[in-house]
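Please look through the structure shown below and keep it in view while you read the explanation that follows.

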Amino acid sequence: MESSQDIQSNRIVIIGAGLGALYAALTLAPRPVVMISPDPLGQGASSTWAQGGVAAAMDVSDSPAAHARDTERAGAGTVDAQVADLVTREAREHILDLTTLGAPFDRTADGSYVMSREAAHSYARVVRVKGDQAGAEIMRALIERVRETPSIQVIEGAMAEGLELSDGAVTGVRLASSAPSGSAPLVLRGEAVLMAGGGSAGLYAITTNPPRIRGQALGMAARAGAEIADAEFMQFHPTAMDVGEDPAPLATEALRGEGAILVNADGARFMLKAHPDAELAPRDVVARAIFAQSTAGKRPLLDTRAALGEAITTMFPAVSAACARNGIDPTQDPIPVAAAAHYHMGGIATDLDGKSSLPGLWACGECASTGLHGANRLASNGLLEALVYARRAAQDIARTLGPLKEATPVRLEFAPGGATTDPAHVAALRRAMTQNVGVVRDAAGLRAALSEIAALAATQPDCESFQNICTAATMIAAASLLREESRGAHERSDFPETLPALAHRSRLTWEAAKALRDSLCDASASDPETP
């Protein structure tokens, strides 16, 4: 991909502006960094939308070991035990660090942290802010610190579209304007690149993710040759609000932690027969139960009336606001819900220090796959993982680069040109993912998805942003086809058993996924009756 400019900089380039990106930039200070954000800080990042909080063993009755056990249990046999131990042991110090940075966690009269219990946790260990405002308030505090840190430059209105390589190592990033009209690409060189650009759940038609979060980070890393891990494991949040909004508002799991129950249109409480923990069963179990009710035409509903009553308006303001704008009074009526793509356990494979398989590229946050989540993320471990690996990656980058260097501010001037993504093609891809790579999958649907994604990718071969989206979707569908079992969030109706021999993480490159896709397309072209 030819670029109109090649800008040399000795700053560390951070792609993204969510929790991981902000925390890494602050950890790197006073090393000069430049953050690339398509939107104004605080807008467009999934972190801002996170409602539940941060999981950490803060109570004396709890322990990191118990937290690690819960993480491994939820992850259905594919969690990296070393990673779970490391992350849960570091959790407490990150909560204390965020408190020092200004995050206004809910506290009791004696100064203790208020903690919620969420699904599959054996203790109440989710530290929260104003009920359901954790992501927004933590982001607000970090943005304030970033704005007052001289070594951090933030470039808003720029979108990363590709990685530049020299001799197999990442040396820079191809950027374009994030304005609807786009721009000609330019290259920004850096001392190192940290990918913190969000997850892939927005590839689905029903999602809780912000509009820009469509797997671009995974796609551009895969296209550059980075190894992708666990791509088949997409977590569907069971209680997105089914009100016709895109993205779907989230009815946080903390509501069920407070005693809210799930019923169907007949008023039957269906989770009692589905799992011993009922509404607090692991997310994959609840999501499949919700999906089954929806498929059967028995609209599932979240009933908060007995558990919360009027208190929902003060305890959960984001949920209350979403209800209000959709004409729902949760104190009088249950909230319609649906399973929605929410969090991608898969992503850019990293080591314990956030290094990817490509020299010069580190990753943290939802675009990374560290091995913490396995086949099914434990509730509120997402923000925790972002914090732990943002700091570890930042520290490793600093060790790798050696002595501190001075740097001048980066100046970008985008020129007209470039290709922009056709919204109709994106909508078609998202429909294909929801229909064929959703809560329940089978080989025929996955092959159909790979074929449709390939056809869509061919319509805009020169549009890097669209190729990133198609690449991410292909990686997820291909990994789902290759895992011939059901495990955690990955449910195959044609392979319903969980196989002990497959209790390990998956690894896939873009070249391998593309070869699989192309072989299926070739077979289909030569034999029209091939399923």
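How many bridges join S14 to strand S15, and do they run parallel or antiparallel? Before the answer, keep in mind that what you see is a predicted model. Strand S15 covers residues 301-303, and three bridges join S14 to this strand, the two running antiparallel. One of the residues involved is Ile261, whose bridge partner in S15 is Asp303.

These two strands belong to an open sheet of four strands, which follow one another in the order S13-S16-S15-S14 and pair in an antiparallel way. As a general point, the strands of a sheet pair through backbone hydrogen bonds, and such pairing can be either parallel or antiparallel. Strand S13 (234-241) and strand S14 (261-263) stand at the edges of this sheet, and because each has a single partner strand, one side of each is left without a neighbour in the sheet. If direction is ignored, neighbouring strands of the sheet are turned by 45° against each other on average. Helix H9, made of residues 283-295, packs on the sheet, where it touches S13, S14 and strand S16 (335-344), and the direction of H9 makes about 55° with that of S13.

After H3 comes Ala76, a residue with a positive phi, near 60°.

The last topic is empty space. Rolling a probe the size of a water molecule over the atoms shows where such space is left. In this model there are three cavities of 30 Å³ or more, and the largest cavity holds about 70 Å³ of space. Among the residues that line the largest cavity are Asn10, Arg11, Glu191 and Lys405, and its lining as a whole divides into five nonpolar, one polar and four charged residues.

The second largest pocket, by contrast, is an open space, with a volume of about 650 Å³. It is lined by 26 residues, of which Met159, Arg212, Thr420, Thr421 and Ser465 are the closest to its centre. Two or more lining residues come from each of strand S8 (158-166), strand S9 (169-177), helix H13 (423-436) and helix H15 (464-482), and H15 gives the largest share, three residues. By type, the lining of this pocket divides into twelve nonpolar, nine polar and five charged residues.

Definitions and conventions:
Residues numbered from 1 in each chain as written. Predicted model: local features only at pLDDT ≥ 70, side-chain atom pairs only at ≥ 80, totals over all residues. Heavy atoms only, no water. 1 Å grid on protein atoms, 1.4 Å probe; cavity = no way out; pocket = protein on both sides within 12 Å on 5 of 7 lines; lining within 4 Å. Points joined across faces, edges and corners; volume = space filled by probe spheres on them. Nonpolar A, V, L, I, M, F, W, Y, C, P; charged D, E, K, R; others polar. Pairing = 2+ DSSP bridges. Axes fitted to C-alpha atoms, helices over the stretch in contact; angles between N-to-C directions. Contact = heavy atoms within 4.5 Å.
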